Amino acid sequence: MTRQDRVVRAIEFKNPDRAPVWALGPKIGLSDILTYDLSLSDPNNPKLSEWGFPRLRRRAGGWTTPDQPTLETWQRADGFSLPRLDFTRRFGRMGEARKVCGDRYRLARFGLSGFSVYAALRGKKLAAEDYLRDPDRFTELMLRIMDFESSMFEFIKRVGFDGVEFTDNWRLTPKSNMTLSLWRVMMKPLYQRQIELARRYNLHVWFTLSMEDAEFYPDLIQLGANVLRVEHPGQVEPAQFGRNLYGKVCLATRLDELYDPNDLKGSIEDIRASYDCFRSLFGGFIATVGASATPETLRGIYEIAQTLAGGI
């Protein structure tokens with residue numbers, strides 16, 4: 001079984017020989033998955049995204065949404081030009097990626113996508129008001145953003161990727177007014193359109209969301225999302241989460257956050273609970289480890305994995 005086969009079988013609940021491992025960051029040697037960032041910087045200013053907002057990285061890796069607006073007025077939004085697709089520059093690292101890819105599953109990733117890009121352009125405060133005050137203007141700008149992303153799908157598939165990952169965040173603040181019912185009216189039709197197009201090109205659809213957005217997971221599954229990434233499993237109540245999602249979608253789950261070398265008994269219990277919750281007998285589970293995980297943490301997780309029925 002190749003590493004690509006293993007990941008595909010886990011996603012499609014077809015009984016891989018073991019759960020795949022996704023090592024984030026530079027630990028590619030451990031990983032069954034190779035990731036490729038689709039986002040670009042401004043060609044004239046590497047500190048800016050190609051969209052024009054500041055490129056801000058989290059400490060743990062990945063891009064984050066800036067607070068200050070780039071398009072602070074609708075007049076500026078009306079005159080805003082979309083980035084160039086520029087496939088030559090965007091996929092200029094493909095030769096290097098192919099050298100290390102081997103038989104791995106290939107995942108193309110948007111650093112930020114959808115509403116996260118919208119919020120980066122309009123600023124978090126305006127973004128949280130636009131869909132209530134100016135729903136037509138909101139939908140118009142969202143469609144421009146999502147159509148730009150979707151226009152890459154054919155090329156993404158043509159150069160050999162198996163899946164595409166969206167990184168989004170619908171509840172930008174703890175006091176967000178984005179309810180599930182409002183999301184279904186304002187957002188769901190937009191994401192349905194995008195997911196259906198990705199699936200039409202036989203791309204698996206992955207989503208990375210904050211745990212504040214877990215309420216939306218069942219709707220994403222209904223729309224055809226294949227993999228949901230659980231970045232902070234310690235924030236999840238396994239029994240409730242499992243009842244909603246068990247056997248319905250593949251979950252890529254961070255295990256290094258559950259490992260404490262000073263509490264091995266607790267680590268075993270937490271990893272076992274997540275594994276039992278997020279996995280079915282026929283797949284549905286991808287074990288992920290963060291870029292900051294130490295060799296000691298990886299060894300500890302491996303040793304715990306050997307104690308679980310069937311192993312990870």
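Modeller: A salt bridge is a side-chain nitrogen of Lys or Arg within 4 Å of a carboxyl oxygen of Asp or Glu. Side chains of opposite charge can pair when their charged atoms come close. This is a predicted model, in which local features need pLDDT of at least 70 and side-chain atom pairs count only at pLDDT 80 or more, while totals for chains, interfaces and linings use all residues. Residues are numbered from 1 along each chain as its sequence is written, and side-chain values use heavy atoms, with hydrogens and water left out.

In total, 22 salt bridges are found in the structure. One of them joins glutamate 257 to arginine 254, with 3.8 Å between the closest N and O atoms. The two partners differ in cover (buried is under 20% relative accessible area, exposed over 50%, partly exposed in between, with a 1.4 Å probe and protein chains only). Arginine 254 has a relative accessible area of 8%, so arginine 254 is buried. Glutamate 257 has 37% and is therefore partly exposed.

Next comes the pair of arginine 3 and aspartate 103, whose side chains meet in a salt bridge at 2.5 Å, N to O. Arginine 3 belongs to helix H1 (residues 3-11), while aspartate 103 sits in the loop between helix H4 (94-101) and strand E7 (105-109), so this bridge ties together parts that lie 100 residues apart in sequence. The helices (H or I, at least four residues) and strands (E, at least two) are DSSP runs, numbered from the N terminus. Arginine 3 is partly exposed, with a relative accessible area of 23%. Aspartate 103 also counts as partly exposed, at 32% relative accessibility.

A further salt bridge is formed by arginine 18 and aspartate 32, where the closest N and O atoms are 3.0 Å apart. This pair, too, links distant parts of the chain: arginine 18 is in the loop between H1 and strand E1 (21-23), and aspartate 32 is in the loop between E1 and strand E2 (33-37), 14 residues apart. Aspartate 32 has a relative accessible area of 2%, so aspartate 32 is buried. Arginine 18, by contrast, is partly exposed, with a relative accessible area of 31%.

Together with Arg6 and Asp17, they are linked in a network of salt bridges.
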